[in-house]
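Please keep the sequence and the structure in view while reading.

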Amino acid sequence: EILVMAASPSMSVMAQLEQHFVCHHVWQVAPDGRAAFIAGVAPNVRGVATTGMAGIGAALAAQLPRLEIVAVNGIGVDAVDFAALRPRGIRVTNTPGVLTDDVADLAVALLLAAARRIPSLDRYVRAGQWQAGMPVKPARALRGKVAGIYGFGRIGQAVAARLAAFGLQLRYWQPNVKEGVTVPRAASLLDLARDSDYLVVCAPGGAATRATVDAAVLDALGPEGTLVNIARGSLVDEPALADALADGRLGAAALDVFADEPSVPAALTALPNVVLTPHVGSLTVETRHAMGQLVVDNLLAHFGGMPLLTPVA
Ligand code: 8YV
């Protein structure tokens, strides 16, 4: 029996889960009834299929005495409480690789949307301001500018490859040196921000990166700088970001992820120089199918006594 925390948009994935497992669909239950629902089925649950954002906390894990595997439908495992799972030998899988291109595409789309002010120009056209002859301020060209990539894993490198085609110069920073790449590494995150016109956050969430994009980093990025975040909201000091944008100490921000999803601070939604999307980096038909298939295949491998396809070390 498995707990399914969220629906997959892939019908085939949902059908396969139903075919192979007794599924308890937590997402079908109204939020205020979920605790009782889980308590009712908990004794027989041996697997959990969850999202990158929801993960699994210590409280839920403690409720599931027969839990063997947690299959995360995402790359980020920052919401998985490994301290609660490891002593019990509970295995964790995620979905690396299959979402890289779509997440990188969204990072570039957000960067372009902020740079060319597409959302506010869309509002301008719809509001009839073009016909009214209202002036449009010219944007800044991308070519020759510097994009700094914070976190140079699969997604960071895919973002860099795309941005190179726009004539942007590239730098990256992460704590460990990436071997075999031609993009230069900055000496620190602060240096990366200082050198960059665009800072693209592609690093994992979790305690090690929490609020590392702080007021000092945002000030280093500066009044002509733009922050793009497709990783986790936890990496950014959100109140400091809203202040920097409101004061004009930071030029713009384009954000797919937030500290406390699905709430987005009013201080951000009120600003015109902010582009917002609701955590949709991997939300394409193709990628969500591939992610869901990995969830299914990892669960089948585990319960079939086979090696996991994509275990988290
Ligand atoms: C999804 C994600 O939002 O991969 C991740 O870490 O955050 C996203 O792909 C989520 O995990 C979908 O289940």
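## Contacts of Val-159

Not counting residues up to four places away in sequence, Val-159 touches Ala-104, Ala-107, Val-108, Ile-149, Val-200 and Cys-202. The model in which these contacts are found is a predicted one.

## The nonpolar core

Val-159 also belongs to the largest nonpolar core, which has 84 residues. Those with the most contacts inside this core are Ala-107, Val-159, Val-200, Val-201 and Val-228. Helix H5, which spans residues 100–115, gives the most to the core, with ten residues. Domain 1 and domain 2 both give residues to the core, so it lies between them.

In soluble globular proteins, nonpolar side chains tend to be buried together.

## Two domains

How is the chain divided into domains? The domain assignment gives domain 1, made up of residues 2–97 and 284–303, and domain 2, made up of residues 100–276. The C-alpha centres of domain 1 and domain 2 are 31 Å apart.

Seven residues of domain 1 are in contact with eight residues of domain 2. On the side of domain 1 that touches domain 2, two residues are nonpolar, four are polar and one is charged.

## Annotated regions

An unreviewed UniProt entry provides two domain annotations for the chain. According to that record, "D-isomer specific 2-hydroxyacid dehydrogenase catalytic" covers residues 38–312. Over residues 38–312 the chain is 35% helix and 14% strand, and the end C-alpha atoms are 25 Å apart.

The record also gives the annotation "D-isomer specific 2-hydroxyacid dehydrogenase NAD-binding", which covers residues 108–281. The span of residues 108–281 is 32% helix and 14% strand, and its end C-alpha atoms lie 11 Å apart.

## Around the ligand

Which residues are around the ligand? They are Thr-51, Gly-52, Met-53, Asn-73, Gly-74, Ile-75, Gly-76, Leu-99, His-279 and Ser-282. Sorted by class, this shell has three nonpolar, seven polar and no charged residues.

His-279, one of the residues around the ligand, lies in the loop between strand S11 (274–276) and helix H12 (285–303). With 19 other C-beta atoms within 10 Å, His-279 is partly exposed. The phi angle of His-279 is near 50°, a positive value in a residue other than glycine.

Val-280 is found in the loop between S11 and H12. Val-280 is partly exposed, because 13 other C-beta atoms lie within 10 Å. Leaving aside neighbours within four places in sequence, Val-280 is in contact with Leu-106 and Asp-256. Val-280 and Val-92 are 188 residues apart along the chain, and their C-alpha atoms are separated by 23 Å.

## Backbone features in other loops

Most residues other than glycine have a negative phi, and most peptide bonds are trans. Two further places in the chain may be read against this background.

Ala-211 has a phi near 55°, a positive value in a residue other than glycine. Ala-211 is placed in the loop between strand S8 (198–201) and helix H9 (215–221). This residue is partly exposed, with 15 other C-beta atoms within 10 Å. A cis peptide bond joins Glu-261 and Pro-262, with omega about 5°. Pro-262 is placed in the loop between strand S10 (252–255) and helix H11 (266–269).

His-25 lies in strand S2, residues 23–25. Having 17 other C-beta atoms within 10 Å, His-25 is partly exposed. His-25 and Val-48 are 23 residues apart in sequence, and their C-alpha atoms are 10 Å apart in space.

Asp-247 is found in helix H10, residues 238–247. Is Asp-247 buried or exposed? Asp-247 is exposed, because 10 other C-beta atoms lie within 10 Å, and a residue counts as exposed if the number is 12 or fewer. Asp-247 and Pro-223 are 24 residues apart in sequence, and from C-alpha to C-alpha they are 9.1 Å apart in space.

Key: Residues numbered from 1 in each chain as written. Predicted model: local features only at pLDDT ≥ 70, side-chain atom pairs only at ≥ 80, totals over all residues. UniProt positions renumbered as here; feature names shortened; annotations may be inferred. Helix = DSSP H or I, 4+ residues; strand = E, 2+ residues; numbered from the N terminus. Domains from an automatic or database assignment. Contact = placed C-beta atoms within 7 Å. Nonpolar A, V, L, I, M, F, W, Y, C, P; charged D, E, K, R; others polar. Core = buried A, V, L, I, M, F, W, Y, C linked by C-beta atoms within 7 Å. Buried ≥ 20, exposed ≤ 12 C-beta atoms within 10 Å, placed from the backbone. Near = placed C-beta within 6 Å.
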